[in-house]
Amino acid sequence: MNRKTFILTACSLAAACGRAALGAEAPVTDAETWTLGIEPQQALVEQYCLECHNATDWAGGVAFDLMSLTELEHDAATWEAAIRKVRAGLMPPQGNPRPERAVLDGMVQWLGTGLDLAWAQSPNPGAEPVSRLNRAEYANAVRDLLAFDAGDLVLSLPADATAAGFDNIAEALSMSPTLLEGYLAVARQISRQAIGDTATAPTQVEYTAGDGVSQQDYVEGLPLGTRGGMLVEHFFPVDAEYEFNVAANIPVYGRGNDQGRMIWCGGPQLEVLFNGATLPVEDPERFRLRVPAGSHTIALALIDEKRCIGAGELYLAETNASSGAVRSLEIDGPYNITGPGDTPSRRTIFTCQPERAGEEASCARRILANLATKAYRRPVDTGDREVDTLMRFFDMSRNAGGGTFESGIQGALTWLLVDPRFLYRFEAEPQGLADGEVYRISDLELASRLSFFLWSSIPDAQLLSLAAAGRLGEEGALAQEVQRMLADPRAAALVENFAGQWLKLRELDAAAPQDPAFDSALREAMRQETLLFFKHIVRENSNLLGLLDADYTYLNERLATHYGINGVHGGYMRKVDLPPNSPRRGLLGHGSILTATSVPDRTSPVIRGAWIVENLLGAHVPSPPPGVETNLDPQAAPGEQAPADTLRQRLEMHRIDPACAACHKIMDPIGFALENFDLVGRWRALDNGLPINTRAEMVDGTPVDGPGTLRAALLARPDAFQASITERLLTYALGRELQYYDEPAVRRIVRQADADGFTLAALVQAIVTSDPFQKRIKLPLPALAAMAEQ
């Protein structure tokens, strides 16, 4: 058989026996059929790979001549890395001989099938480490445990460290004595406010309007006919009086002057609304109110002078930016407390009330068993040891000077909120397992994994009940629960926490571009565009490939003006259709990602290209040496070559260095294709006064010259995007970084989701039924010790 026949045979065999490594068809699991491809695949490796990856050159630390295609499992990590690079079009490298795309796709599929067959003989679903709840999970768990919003209190804790792009990765969620003290302080505040402690001392809370809130435009949530002002939601811990102090420049409008006194046209220029109703106060800048405990909204609005002039009625409105503005609202209190109030958290906590002292202990046990069941994510009875522990804290607080039944519950609740069984997610290991043995986790552990994946919170009563009864394994039960949970409002956490981190929206929050057009209002509009776009894909159950190309986006007037799109008016975000040639189609045109992948004073083709390679194509990009890319100063020193005129020219000079060229050949062409977008995502034609050159060639030879052709190039590799987003979502779901032995599960998940339209719902269903999500492997003690140290 000659070499050409080898190559054709490799392609056809891959299509026959490995097509479903990343395709819709089920893989052929007959090892004998797969074995027929070994010889032709070996010919491909020898012709296109061995020139660099051999025992002499060791390019990339890989020597294929020391590896055997008949025993892929012995070098599984290396072969999985090869699959990743070939699938993304990064190998063979630019300038080297390259077979046809179909042949390379066949190699990827054949290798994947072989690794899957080997994995099936010795499965390894990995082991999810013990994980601490991160800040978002802790706040959501408190909300669902106590019907109490602890979001602002939890923000006082240090931000969680990230790994693999997410802040829920177990290895990064360490605990220190200082952090534990912080959790204890937050727990005390939560229990005090959720209970409604009538001994609460007055405090001051300030809300600011923010520099991005225009005082000339309508603020969403305020009455129509207004502009500017602010709207806040505040939790009042007890029934009491509270003082409100408004910092504002209030304009004076009128029709005339009567001995130095202005005649007002219809009423006060600053109007106060409480829970949506106009609140008459003598001095709108400083006033006291008696407020029932709980969350309430307070709105401040200034009269629109256009409606005021010549009018005789009262209009709720705001200020002209040149004559006034609402800057902040401070709420002080409580004063003259009359009681704890009737709040959702009190109704949730106090499932009983003792009528006499002799009933306190039994009532406390019922309350604490109910809370412990939800907090520990498993049934807890009134006589269990966990309740005995909580009762000791109840007794200490109850018997303290001036203690009451409610202060006793408050003390026990404080401990519950820092109890390791609440603060950590533990999974028990069955007795008698041998090292390396695979086992299925319990239904209660599966319920906890599921709820933290989809809701970033604890299981609700229905999920916990099914798990406690051992019914999640019944046919269709798990799929029905997933469908129910995705339809629940709490599933918004999946979009906020997964998409918000995968799509760099949290980095957008920290971006500080040196551009006068960028402010917090534009930042928020960019953020909302991407979130609403992702939510629409999810809500419409659309194929996730639509993230790369869509004929719509979400805009308000500010963002539309920034993009140069006409016909969008007002501050609210709405769906806007895009023409076929629009550069804003799909994620590549979103200002959020374009801004987050820039540096403060310019665009960064390198960062943009690297983000696309890693997050949309699923290939690894090595980190550059510190400070390398920032060394692109256009000013030349005396005696040096004249500086380049454009950023592209400076980058091309920079990658003359062979040590830099290998990686930059991968990233730069992708970044150059997006150079028409400036550092805040605005469209431009010039850089430093010269026309921008967006023409480039990707590693696989695909020409690109702008966002349109780059988008088409990405869509031409749907398998790479599918694998990439699956890896990201599986990483988020498991709370650990994926390893090479997870890739067979990734391929199976992609096949299953692709057969059902590759929607987010289909991908979630495939993940929750996968081996890594439902199973663990028994690790030897040294490995467990290493995980504990991390």
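Is Cys 52 buried, partly exposed or exposed? Cys 52 is partly exposed, with a relative accessible area of 28%. On this scale buried means under 20% relative accessible area, exposed means over 50%, and partly exposed lies in between (1.4 Å probe, protein chains only).

Before we go on, a word on the source: this is a predicted model, in which local features need pLDDT of at least 70 and side-chain atom pairs count only at pLDDT 80 or more, while totals for chains, interfaces and linings use all residues. Residues are numbered from 1 along each chain as its sequence is written, and side-chain values use heavy atoms, with hydrogens and water left out.

**Cysteines**

A search of the whole structure turns up 1 disulfide, a term that here stands for a pair of cysteine sulfur atoms within 2.5 Å. The partners are Cys 352 and Cys 363, with their sulfur atoms 2.0 Å apart. The pair links distant parts of the chain, 11 residues apart: Cys 352 sits in the loop between α10 (344-349) and α11 (360-376), and Cys 363 belongs to helix α11. Helices (H or I, at least four residues) and strands (E, at least two) are DSSP runs, numbered from the N terminus. The link of Cys 352 and Cys 363 is right-handed, with 115 degrees about the S-S bond, and both cysteines are buried.

Cys 49 counts as buried, at 18% relative accessibility. Cys 52, for its part, is in no disulfide.

**Backbone features**

Positive phi values come next. Trp 58 is a residue other than glycine, yet its phi is near 55 degrees. Trp 58 lies in the loop between α3 (38-48) and α4, and this tryptophan is partly exposed, with a relative accessible area of 41%.

Arg 377 is not a glycine either, and has a positive phi of about 60 degrees. You can find Arg 377 in the loop between α11 and α12 (385-398). Is Arg 377 buried or exposed? At 6% relative accessibility, Arg 377 counts as buried.
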